Amino acid sequence: MTQDELKGMVGQAALDHVVPGEIVGVGTGSTVNHFIDALGQVKERIVGAVSSSVASTQRLQALGIKVFDCNEVGEIGVYIDGADEIDGSGYMIKGGGAALTREKIVAAQAKRFVCIADGSKLVEVLGRFPLPVEVIPMAAQRITRQFAAMRAEATLRMRDGAPLVTDNGQHILDVRGLAIRDPLGFESEVNQWPGVVTVGVFAHQRAKVCLLGTPTGVRTLSFD
């Protein structure tokens, strides 16, 4: 099976975790796009969605699904999103699609995080995928030096020859050379650095379930 077919398989499987009659949290990215398309087929089951990005909001609305602002709703039952990496405890690296801050906000508002991913995303130690860190632009060089002190290399993410600007108007550093063996401690430390908006380690908002697409079907990992 192709990677896209694996993503489609877990996107469809995620419908089993959507609670009828409630608002569902929806993430961002290519795997989530498959889930959004599947959700559009059963949109009458839900009240609507809370979205973590402009792109996902537009896709949901195009399918006739009502999108609520986070401030319009209370706690949501489930948040469904992908990951760039996930380990055996449900800790993740996210932010390859540049929506990590809003993803973390919606994840914090949900009772359960259900991660949907293809099998290549499962790792023993986080850090092989470059870690995204959303930063206030004036702090980018200082934060780059702080990662250099960890023997890691942070580079500014570019798009069309200019720094990528997130939905929040900030920039992203992609950090290579890390082996994150204490995700909770690492997330807490980097989040305290002045100028860091969000670090792309999702440890405090870890997944409770991962639906992993494999050539033999959907493998369910539970981390409760």
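Start by selecting helix α2: its buried residues are Thr-31, Val-32, Phe-35, Ile-36, Ala-38, Leu-39 and Gly-40. Buried here means under 20% relative accessible area, while exposed is over 50% and partly exposed is in between (1.4 Å probe, protein chains only). Helices (H or I, at least four residues) and strands (E, at least two) are DSSP runs, numbered from the N terminus. Now show what covers those buried residues of α2, which includes α1, β1, α3 (54-62), β4 and β7.

A quick word on what you're looking at. This is a predicted model, where local features need pLDDT of at least 70, side-chain atom pairs count only at pLDDT 80 or more, and totals for chains, interfaces and linings use all residues. Residues are numbered from 1 along each chain as its sequence is written, and side-chain values use heavy atoms, with hydrogens and water left out.

**Next stop: the seven-stranded sheet**

Colour the strands in the order β3-β2-β1-β4-β7-β15-β16, and you have an open sheet of seven strands with mixed pairing. Two strands pair if DSSP finds at least two bridges between them. Look at the edges: β3 (67-68) and β16 (217-222) each have a single partner strand, so one side of each has no neighbour in the sheet.

Zoom in on β1 (residues 23-26) and β2 (residues 48-51), which pair in the parallel sense over four bridges. Which residue of β2 is the bridge partner of Val-26? Select Ser-51 and you've found it. Now bring α2 (residues 30-40) back: the helix packs on the sheet, touching β1, β4 (76-81) and β7 (110-118), and its direction makes about 155° with that of β1. Contact means heavy atoms within 4.5 Å; axes are lines fitted to C-alpha atoms, for helices over the stretch in contact, and angles run from 0 to 180 degrees between N-to-C directions.

**A second sheet**

Hop over to β5-β6-β14, an open sheet of three strands with antiparallel pairing. Its edges are β5 (85-86) and β14 (201-202), each with a single partner strand, so one side of each is left without a neighbour in the sheet. Two bridges join β5 to β6 (residues 92-93), and Glu-85 stands opposite Ile-93 in β6.

**Now for the pockets**

On a 1 Å grid over the protein atoms alone, a pocket is an open set of points where a 1.4 Å probe fits, with protein on both sides within 12 Å along at least five of seven lines; lining residues have an atom within 4 Å of a point.

The largest pocket has a volume of about 280 Å³, counted as the space filled by probe spheres set on the grid points, which are joined across faces, edges and corners. Of its 20 lining residues, Thr-28, Gly-29, Ser-30, Ala-83 and Asp-84 lie nearest its centre. The elements giving two or more residues to this lining are α1 (3-13), α2 and β7.

The second largest pocket has a volume of about 170 Å³. Its lining includes Ser-51 and Val-67, and α4 gives the most to the lining, with three residues.

**Last stop: Thr-144**

Select Thr-144 in helix α5 (residues 140-148). Is Thr-144 buried or exposed? At 17% relative accessibility, Thr-144 counts as buried. Leaving aside neighbours within four places in sequence, Thr-144 is in contact with Ala-154 and Leu-173. Finally, try the distance tool: the C-alpha atoms of Thr-144 and Leu-156, twelve residues apart along the chain, are separated by 8.8 Å.
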